[in-house]
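Reader: Please take a close look at one part of this chain and describe it from the structure. I would like the start of the account to be a single residue, followed by the elements further along.

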Amino acid sequence: MIPQDVIDRVPAAHDVVDVIGRAVALKRAGSSWKGCCPFHEDSTPSFDVNPERQTFKCFGCGKGGDVVTWTMERESLSFRDAVRSLAADKGVVIEVDGVASLPARVVAAPAPRRSAPPPVRPPESELAALWAACPLATEDSDVCAWLVSRGLDPESVASEVGVRAIPTGIRLPAWARGPGERGSIAWNVSGHRCAFPTYDATGRNVSVRARAVVPLADHQHKSLAPAGCAVKGLVLADVVGRQVLAGTPPDAWSGVVTVVEGEPDFLSWSTNRSTGGTLFAAVLGITSGAWTREVADRIPDATTVAIRTHADAAGQRYAAEVYATLSGRCDVRVLPGSHP
Ligand SMILES: [Zn+2]
């Protein structure tokens, strides 16, 4: 049994910000400190440490408590061992039956690393078959008409971004479907016929997004990801963007990454290069859930990152997500967005 006075004294002997700050990068935010939660896959800082109350709380997964709870969770210790471990850190003497002892630091076996299950992606062979079956955007009149209506040049879109057209007549894999009134509808039937390759944090093409090019009966889903597959950590990227993610930026890279929201803005920024200059910005496009810490970590230190998301609430949220993962390490500028 650990005497109650020790149980009371141990938390008071520690500063929760100090203890948690050894394991989590914390940033001051008003009266509290914020960081990415170590207990769940957290791309936005949802983990809050309050020095006044000496508590922590994650608004993502709900874990929270004081310095003892933290030590129990973090080091997989029982309550008793967590108190003993914290007491040992501060030389708090534990007196049992009149015998004082300085507890040895309790060393727990390292907690098994909880590796997240791999995200669900379209099977590689089926994705490759889709690309093989889809001609470049320039070869389809509906896709070209949509691009032109957006002020885009189909030639540059096809050559610089690899955008393709999904033919009306082909049979698509089961995941290339979106919600319809009566069950799911294949993308080429629903009008989602413009196909954009999407890339993981290392710049590998692992998935696709399909964009509607004809007016939709309901305008709720202009853009679709493969049914049942994860979108987290998947971005649109131009050639330079892919090379930056892969860790091999070209010599002509200007050291600037432009992050834009959605397919049309991604296309205009990817194809709007000044023809006179020789230095290129890298362009990444994001949609809901795309930006993650893994993607941010691929952007080299001291890069200038220009964030141009839409001027609505979702756009501001995306801008904040990107900003939070890069500020302090890169020169991040949030620029006035275009209209959704
Ligand atoms: Zn959490």
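Author: The residue to begin with is D8, which is found in helix α1, residues 4–13. The model is predicted. D8 has 9 C-beta neighbours inside 10 Å, and because a residue with 12 or fewer is classed as exposed, D8 counts as exposed. Along the chain, D8 and V83 are 75 residues apart, yet their C-alpha atoms are separated by 9.7 Å.

Further along come two helices, α7 (residues 154–161) and α10 (residues 263–271), whose axes come within 10 Å and cross at roughly 85 degrees. Angles of 65 to 115 degrees count as roughly perpendicular, and α7 and α10 are therefore roughly perpendicular to each other. On the α7 side the contact is made by S156, V157, E160 and V161, and on the α10 side by L267, S270 and T271. By type, the residues of this contact divide into three nonpolar, three polar and one charged.

The sheet is the next element. Five strands form an open sheet with mixed pairing, in the order β14-β16-β15-β17-β18. Its edge strands are β14 (236–237) and β18 (331–334), each of which pairs on one side only. Within the sheet, strand β15 (residues 253–261) and strand β16 (residues 280–286) run parallel and are joined by six bridges. In general, strands of a sheet pair through backbone hydrogen bonds, either parallel or antiparallel.

Conventions. Residues are numbered from 1 along each chain as its sequence is written. This is a predicted model: local features need pLDDT of at least 70, side-chain atom pairs count only at pLDDT 80 or more; totals for chains, interfaces and linings use all residues. Axes are lines fitted to C-alpha atoms, for helices over the stretch in contact, and angles run from 0 to 180 degrees between N-to-C directions. Helices (H or I, at least four residues) and strands (E, at least two) are DSSP runs, numbered from the N terminus. Angles under 35 degrees count as roughly parallel, over 145 as roughly antiparallel, 65 to 115 as roughly perpendicular and the rest as oblique. Two residues are in contact if their C-beta atoms, placed from the backbone, lie within 7 Å. Ala, Val, Leu, Ile, Met, Phe, Trp, Tyr, Cys and Pro count as nonpolar, Asp, Glu, Lys and Arg as charged, and the others, Gly among them, as polar. A residue is buried if 20 or more other C-beta atoms lie within 10 Å of its own, exposed if 12 or fewer, and partly exposed in between; C-beta atoms are placed from the backbone. Two strands pair if DSSP finds at least two bridges between them.
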